[in-house]
Amino acid sequence: MSRHKTDLTDPLLLAAAGAGIAALATGAALWQRRRQARQAGEYEPIATDAPHWTLDKASDRALFGKSLLVNRPRAELYAAWTPERFPEFMENVVAVDDLGDDVSQWTIKAPAGREVTLVNRITERVPDQSIYWQSTPASDIANSGEVRFTDAPAGRGTFVSLILAYDPPAGEVGRLAAKLLQREPEVQARRDLHRFKQLMETGEVTSNASPSARSAESPAEPHI
Amino acid sequence: MRAVTWQGRHKISVETVPDPEIVNPRDAIIRVTSTAICGSDLHLYDGYIPGMRAGDIVGHEFMGEVVETGACSTLKRGQRVVIPFTISCGQCFFCEKQQYSACDNSNPSETRDASELMMGHAMGAAFGYAHLTGGYAGGQAEYVRIPYSDVGPVVIPDDLADDDVLFLSDILPTGWQAAVNADIEPGDTVAVWGCGPVGLFTIQSALLLGAGRVIAIDHFPTRLALAKKYGAEILDYTQVDVREALAEMTGGIGPDACIDCVGMESHGFTVDNILDQVKVKMLSSTERIHALRQAILACRKGGRLSIPGVYGGFADKFPLGQLMEKGLTVKSGQTHVQRYSGELLDMIRDGKFDTVSLISHHAPLEDAADMYRHWHDEQNLYTKIVLKPGLEKGAITARQEMEHA
């Protein structure tokens, strides 16, 4: 192992160098965007068609939005988005309990083996289109969101958008720590949305479970 | 079971690992009867593909017998099947467009993030090829789990031998797609860089698709001899200035279509390639694109450029202005294997392809480490290696009648 650490073409080193370059490029792009935004301040801004969760904004709340094309009809997907089916594709959801009156209690895996409880109320349902929710004061994390189903053009199926706003526990530092541990709500939500797509399109959640010569891994469990 | 594993750069070992298991309803398990080493396995061997982990089972060209099926598999125990190297669900937007290698579901949610960061979109999955493409165990093993087994595997009739059909897994459809992507018109002159197995199938495919002439470029005598046997005119780049020769052979206008079957580890003792090698060593680039540069400069104005050769990242001194000013059309990509399986199997039965004479060696799976070394170091003698699980270590057969070897 140590022999390879010094090898300049070690793939891990290569990946690390790639990640470094990507980070630099991201920094440069952000700086450029800020510079352009300052220049644009001289003009009246024009309303664009960008989804609101993709716009630059100043807010204490973490806002996350992700849209995916799912090759199934809108009504079928809306009907499948029910708490009973969440454990099939939401990996970090331990349980969803119905408390009645459109309020449900979610038990979710959190960093360092802890669990977090969310208590959310569905505030609006637009059949075959949208489900909105808002957390109640009993929730560990204040959050609100929407899952939206819109027809994709040319018979391609449906755009499923998950839009989520929440107060990160322990602020930005906590958020970064959670991200490193892959328990950050954005990472979870993005992966859950992909699993929903897999389940609806193929009938199963994709798994790379297969053997390797790494003794810690099981051929029946997925791995990174 | 026994399996060929990647342990690090230039380190391949055969290990005893757990058997695969059925995990999803559409899965099947096959017992491998033949599995080949691919040119792209050399990119893993040389450590140019990021996202490999020590202990990964490699191999993506394989076939075998169905031994176990999930509840929703359409395969039956005992069937002989060739497995496409691309893993494709068959039901997403891309699969429905028959762009199977772009499948949007086969790369699992756990591994797709890194792939998306690097490429802009997560790539489809493949067997035995790094975690950016799903991290699935490969086919250089005794048994393999096949996801979506109702979509990919090609059922093989009993009268066809393994050697006749094994390459339906990758290099035959890859050569075929390379020629299809060159949009060949009747009578066209097509130049093919690289006479490895993919290049050799590209030559056969281009002629079947109506090319008037195929000009093949390499420097290994055995590989050039095979190219000639399959109907190409040949150029050894150590003997001529390739661009000058191509121009003189086409009345100065250049080939109508140029196909790069070389990819990221181009050979050649030229100034640009030596600079590329230095940059790759210093990690400021991952690609050596000498062949691709030459193809762009050689191609006729308004011609077509097809790139089946594998590249992994950023390239230097890419002749972008030349590409644009000459108005070239570029097509590339991993192979949509499932799209071509049926017609290519029929063409094999009709005797349209020579799928056998490029195989130089049959070797036991147990000898994989030695075979990788030969495949890497002796490319003139070793033109294609087929590994056989179950054979006793050392039971290697080499094809002796190779001319010009």
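Which residue is the bridge partner of B:Thr5 in E4(B)? In this predicted model, for which local features need pLDDT of at least 70, side-chain atom pairs count only at pLDDT 80 or more, and totals for chains, interfaces and linings use all residues, the partner of B:Thr5 is B:Ile57. Residues are numbered from 1 along each chain as its sequence is written, while chains are lettered from A and ligands numbered from 1 in the order in which they are written.

Chain B has 13 helices and 19 strands, where helices (H or I, at least four residues) and strands (E, at least two) are DSSP runs, numbered from the N terminus. The radius of gyration of chain B, 20 Å, is close to the 22 Å that the globule rule gives for 405 residues, so chain B is as compact as a globular protein of that length; the radius is taken over C-alpha atoms, and the rule is 2.2 Å times the number of residues to the power 0.38. Of the 405 residues of chain B, 57% count as buried, meaning that 20 or more other C-beta atoms, placed from the backbone, lie within 10 Å of the residue's own.

In chain B, three strands form an open antiparallel sheet in the order E2-E1-E4. Strand E2 (11-16) and strand E4 (56-57) stand at the edges, each with a single partner strand, so one side of each is left without a neighbour in the sheet. Two strands are taken to pair if DSSP finds at least two bridges between them, and the table sets out two such pairings in chain B.

| Strands of chain B | Sense | Bridges | A bridge partner pair |
|---|---|---|---|
| E1 (residues 2-8) and E4 | antiparallel | two | B:Thr5 and B:Ile57 |
| E3 (residues 28-36) and E9 | antiparallel | four | B:Ile29 and B:Arg145 |

From strand E9 (residues 143-146) of chain B, B:Tyr143 and B:Arg145 point one way and B:Val144 and B:Ile146 the other way, and all are buried. In a regular strand the side chains alternate between the two faces of the sheet.

Turning to the contact between the chains, 36 residues of chain A are in contact with 45 residues of chain B, a contact being two residues whose C-beta atoms, placed from the backbone, lie within 7 Å. On the side of chain A that touches chain B, the elements giving two or more residues are helix H2 (11-40) and helix H6 (185-202) of chain A, and the largest share, seven residues, comes from H6(A).

Notes:
Buried ≥ 20, exposed ≤ 12 C-beta atoms within 10 Å, placed from the backbone.
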